[in-house]
Amino acid sequence: MSLDYETEYNNRARVPEYADIFARWEREGAAWRAAAPKAELGLKYGPSQRQTLDIFPAAGDGPNTPLALFIHGGWWRSLNPSSFSQMAKGPNAHGVTVAVAGYDLCPTCSIADIVGQMRAATLLLWRRYRRPIMVYGHSAGGHLAACMVATDWKTLAPDAPADLVPAAYAVSGVYDLAPLTQISVNADLKLTEESAHQLSPLYWDVPAGRVFDAVVGAEESSEFLRQSKIIAEAWRQGMTTTRYEAAPGNHFTVLDPLNDPASAMTARVVELARKVQAETL
């Protein structure tokens, strides 16, 4: 019997209380912005309204402070970065400065456009701070985090180091986009067989020496579990250090530990951010 991709990838149907979770995220994001008076909100990295960075500096931010970029999810077509300000809370508590990115949404743009926007946001952070960046993201943001760690930055910007993003931590990402061509969300994504392959980081040549964590909620569908397993396995065959983990939670609640400075997820993100910074000193 063939797999029902529509069911496998419909997380809102799998988690009926998703609207309550989204509302909670909005409250938590607002609470962290209120608790972070030194935050710089709405820094523009591109021309459109959504191409912004909200920066949450760690206490005593300086040249040796680790720097991380968080990219939110929503199938590349929904949600706002303001609902994810709290993703900076855990890392901030451990001395990591965090930027939370916004981006344009499908169908007004393509996934390829969004990949380009995240590269532009990353380069703005480089030019502003002159520090390497650890990228972490959720769902569509997990896909985009994988794209950032697999980018050879010298081919895009001669002033940037080739390993500008040496490490990424991706939660519940999709790395082989081919199944998405067969589900209803593709009415907005507009993926073809060719573009789905081109935009699948699973098939990209990852520069040597990168580090990539593929984390997924233990309660997620078999397809989401498979997506994280296959990229960890495939990239491990090259020169990438990968790690796969099925963490507690569903597609949405799996992300909540980043709001807790004492969580294991926060500890791993902080570890990667510190490692990235330490290797440049």
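1. Which residues are exposed on the other side of helix 3? They are Asp20, Glu26, Arg27 and Ala34. Here "exposed" is over 50% relative accessible area, "buried" is under 20%, and "partly exposed" is in between, with a 1.4 Å probe and protein chains only. Helices (H or I, at least four residues) and strands (E, at least two) are DSSP runs, numbered from the N terminus.

2. Before going on, a word about what you're looking at. This is a predicted model, in which local features need pLDDT of at least 70 and side-chain atom pairs count only at pLDDT 80 or more, while totals for chains, interfaces and linings use all residues. Residues are numbered from 1 along each chain as its sequence is written, and side-chain values use heavy atoms, with hydrogens and water left out.

3. Back to helix 3, residues 18–35. Its 18 residues reach 25 Å from the first C-alpha to the last, close to the 26 Å expected at 1.5 Å a residue (the expected span is 1.5 Å times one less than the number of residues). Ile21, Phe22, Trp25, Gly29 and Trp32 are the buried ones in helix 3. They cover an arc of only 100° around the axis, which puts them on the same side of helix 3; the arc is that of the directions from the helix axis to the C-beta atoms. The cover over these buried residues includes helix 2 (11–14), strand 2 (52–56), helix 4 (89–93) and strand 5 (134–138), where contact means heavy atoms within 4.5 Å.

4. Now try helix 6, residues 140–149. It's mostly covered, with ten of its ten residues buried. Among them are His143, Leu144, Cys147 and Met148. Covering them are elements including strand 3 (67–71), helix 5 (111–129), strand 5, strand 6 (167–171), strand 7 (211–217) and helix 9 (222–236).

5. Next, the pockets. Rolling a probe the size of a water molecule over the atoms shows where empty space is left. Grid points are joined across faces, edges and corners, and a volume is the space filled by probe spheres set on the points.

6. The largest pocket has a volume of about 340 Å³. Its lining has 22 residues, and Tyr9, Asn11, Arg12, Trp75 and Arg77 lie nearest the centre. Helix 1 (5–8), helix 2 and helix 3 are the elements giving two or more residues to this lining. By class, the lining has ten nonpolar, nine polar and three charged residues. For these classes, Ala, Val, Leu, Ile, Met, Phe, Trp, Tyr, Cys and Pro count as nonpolar, Asp, Glu, Lys and Arg as charged, and the others, Gly among them, as polar.

7. The second largest pocket holds about 200 Å³ of space. Of its 16 lining residues, Asp163, Pro166, Val276, Glu279 and Thr280 are the closest to its centre. Helix 10 (residues 264–278) gives the largest share of this lining, three residues. The lining splits into nine nonpolar, two polar and five charged residues.

8. Some backbone spots deserve a second look. Most residues other than glycine have a negative phi, and most peptide bonds are trans. Yet the peptide bond from Cys106 to Pro107 is cis, with omega near 10°, and Pro107 sits in the loop between strand 4 (97–101) and helix 5. Trp76, in the loop between strand 3 and helix 4, has a positive phi near 60° and is buried at 0% relative accessible area. Ser139 isn't a glycine either, but its phi is positive, about 60°. Ser139 lies in the loop between strand 5 and helix 6 and counts as buried at 6%.

9. Asp54 in strand 2 is buried at 8% relative accessibility; leaving aside neighbours within four places in sequence, its contacts are Glu40, Leu41, Gly42, Val98, Ala99 and Val100. Gln117 in helix 5 is buried at 9% and touches Tyr45, Gln51, Tyr103 and Asp104, not counting residues up to four places away in sequence. Lys229 in helix 9 is partly exposed at 37%. Lys229 and Glu245 are 16 residues apart in sequence, and their C-alpha atoms are 8.5 Å apart.

Note on methods: 1 Å grid on protein atoms, 1.4 Å probe; cavity = no way out; pocket = protein on both sides within 12 Å on 5 of 7 lines; lining within 4 Å.
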